[in-house]
Amino acid sequence: MSTISEKIFSRASGKEAKANDFVIADVDFAMAHDGTSVLAVNAFREMEEEKVWNPERIIIPFDHLTPANTDTTAGLQQEIRGWIKDQGIKNFYDVGEGICHQLLPENGFALPGKLIVGADSHSCTYGAFGAFGTGVGATDMAEIFSSGKLWFKVPESIKITAEGKLNNGVYAKDLILKIIGTLGVAGATYKAAEFYGSTIEALSMSGRMTLSNMAIEMGGKAGIVPPDKTTFDFLENIASEEYEPVYADEDAVYSKEYDFDATELEPQIAIPHQVDNVQDISEIKPTKLDQAFIGTCTNGRLEDLEVAASILKGEKVAIRTIVVPASRNVLVEAVRKGIIETLLDAGVVVGPPGCGPCLGGHMGVIGKGETCISTANRNFKGRMGTGGLIYLSSPATAAASALTGEITDPREI
Ligand SMILES: CC(C)[C@H](C(=O)O)[C@@H](O)C(=O)O
Ligand code: SF4
């Protein structure tokens, strides 16, 4: 009677692991990006360690402040490049390759049954593949760099079931916003969410990644979708190694269960400044916008750009609209499919693959009192610029809103 998390931790720790047990687990893949690798490498050096445990299992994408925005950033990136070379880390993705949480899946590191730890809070994204993906701080990452192991408290699990077909204009993003709005920002604290039901089964890998990506926004330690044919098809030819899918037993114990009816769902908006401040779009008061941003590890994939382009085709945006593809692959595919041309014709600014303005570091920071509709996962105060206001939505809603300059239901366009 085990949950997916209990099974993954049992395998990774080499002994039967149950919720609330403390275990020392072998990490399958470890990730740090340009932001956190600096701190992790410093801590690693302070531990007087020389060589990492296994350079093949460490993945370092540069995505947060790329291409470098200041001398300081450039210097830090230079230093980490040197360290990566010294350590013989081959899985290094330099500027423009894309966002860490897109690159691990694309390169076949996000695999069912694996324990994948990243020095980034949205490492829960890998749960879309039936992995236990979770974020840790940089000093914990230094410990993984050195030993390949880390201690964990095995989380209790909650079961989230969504049934029914999503309406036209309603997407995985709307579903996860609804879930977070219902459970609250602390509703899943230190819990692993397992997602079930016909709505989830019908989602593409892209949609599942949107869902798992935001598990942390309700405090979740992980957000796991049981792997199925959609998962295996995606992984065919790209899996970096063998994997063993893991499923919960029928009598697995969940600390709470939640049910959602997807057929009733309309587009959702998270209003400033909390991710659980979620409203149905029909309840939103008229809201003027200054900027729209489509991208990030939540919604910067091909499907997302495709939906945006289908709405913007032959039209002109009314506000500053920034699109940042989640990876070079996404960008290349979007070019091939004519999506980028459609976006450019509509007046969109297309940025280099990476996090873009998500974290407010560069390329689209908003001014005081300005409003931005964003497909990201966080609308915290000041995140995209001091005094700015962030509304979170699906790419469809963001594109529809870009056309009118105010929050707009994509079903009305
Ligand atoms: C910079 C990094 C530590 C941070 C995170 O962990 O999530 C960032 O990616 C974010 O989305 O806020
Ligand atoms: S896209 Fe945004 S949420 Fe995702 S890793 Fe980058 S900064 Fe964090």
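This is a predicted model: local features need pLDDT of at least 70, side-chain atom pairs count only at pLDDT 80 or more; totals for chains, interfaces and linings use all residues.

Reply: Happy to! The protein chain has an average pLDDT of 98, with 100% of the residues scoring at least 70. For the complex, the predictor reports an ipTM of 0.99 and a pTM of 0.98.

Five strands make up an open sheet, in the order S4-S3-S2-S5-S6, and their pairing is parallel. The edges are taken by strand S4 (92-93) and strand S6 (132-135); each has a single partner strand, so one side of each has no neighbour in the sheet. Further in, strand S2 (residues 29-31) and strand S3 (residues 58-61) run parallel and are joined by two bridges. In one of the pairings, Ala30 has Ile58 in S3 as its bridge partner.

Now to ligand 1. Its shell consists of His33, Thr36, His64, Asp120, Ser121, His122, Leu359, Arg378 and Arg383. By class, that shell holds one nonpolar, five polar and three charged residues. The side chain of Ser121 places an N or O atom 2.5 Å from an oxygen atom of ligand 1. For Arg383, a polar side-chain atom is 2.9 Å from an oxygen atom of the ligand, and for Arg378 the distance from a side-chain N or O atom to an oxygen atom of ligand 1 is 3.0 Å. On its own, ligand 1 has 310 Å² of accessible area, and the protein covers 74% of this. The shell draws residues from both domain 1 (4-260) and domain 2 (269-412), so ligand 1 lies between the two domains.

Ligand 2 has a shell made of His64, Ile99, His101, Asp120, His122, Thr296, Cys297, Cys355, Cys358, Leu359, Asn377 and Arg383. Here the classes divide into five nonpolar, five polar and two charged residues. Ligand 2 also lies between domain 1 (4-260) and domain 2 (269-412), because both contribute residues to its shell. Some residues take part in both shells: His64, Asp120, His122, Leu359 and Arg383 are among those around ligand 1 and also among those around ligand 2.

The peptide bond from Thr66 to Pro67 is cis, with omega near -20°, and Pro67 sits in the loop between S3 and helix H3 (71-87). Another cis peptide bond runs from Pro272 to His273, where omega is near 0°; His273 belongs to the loop linking strand S12 (268-270) and strand S13 (278-280). Glu48, a residue other than glycine, has a positive phi, near 55°. Glu48 is found in the loop between helix H2 (34-46) and S3.

Technical notes. Residues are numbered from 1 along each chain as its sequence is written. Chains are lettered from A and ligands numbered from 1 in the order in which they are written. Side-chain values use heavy atoms; hydrogens and water are left out. pLDDT is the predictor's confidence in each residue, from 0 to 100. Two strands pair if DSSP finds at least two bridges between them. Helices (H or I, at least four residues) and strands (E, at least two) are DSSP runs, numbered from the N terminus. A residue is near a molecule or strand if one of its heavy atoms lies within 4 Å of it. A polar contact is a pair of N or O atoms within 3.5 Å; within protein, one must be able to donate a hydrogen and the other to accept it, and residues adjacent in sequence count only if both atoms are side-chain atoms. Accessible areas come from the Shrake-Rupley method with a 1.4 Å probe; for residues, only the protein chains shown count as cover. Ala, Val, Leu, Ile, Met, Phe, Trp, Tyr, Cys and Pro count as nonpolar, Asp, Glu, Lys and Arg as charged, and the others, Gly among them, as polar. Domain bounds come from an automatic or database domain assignment.
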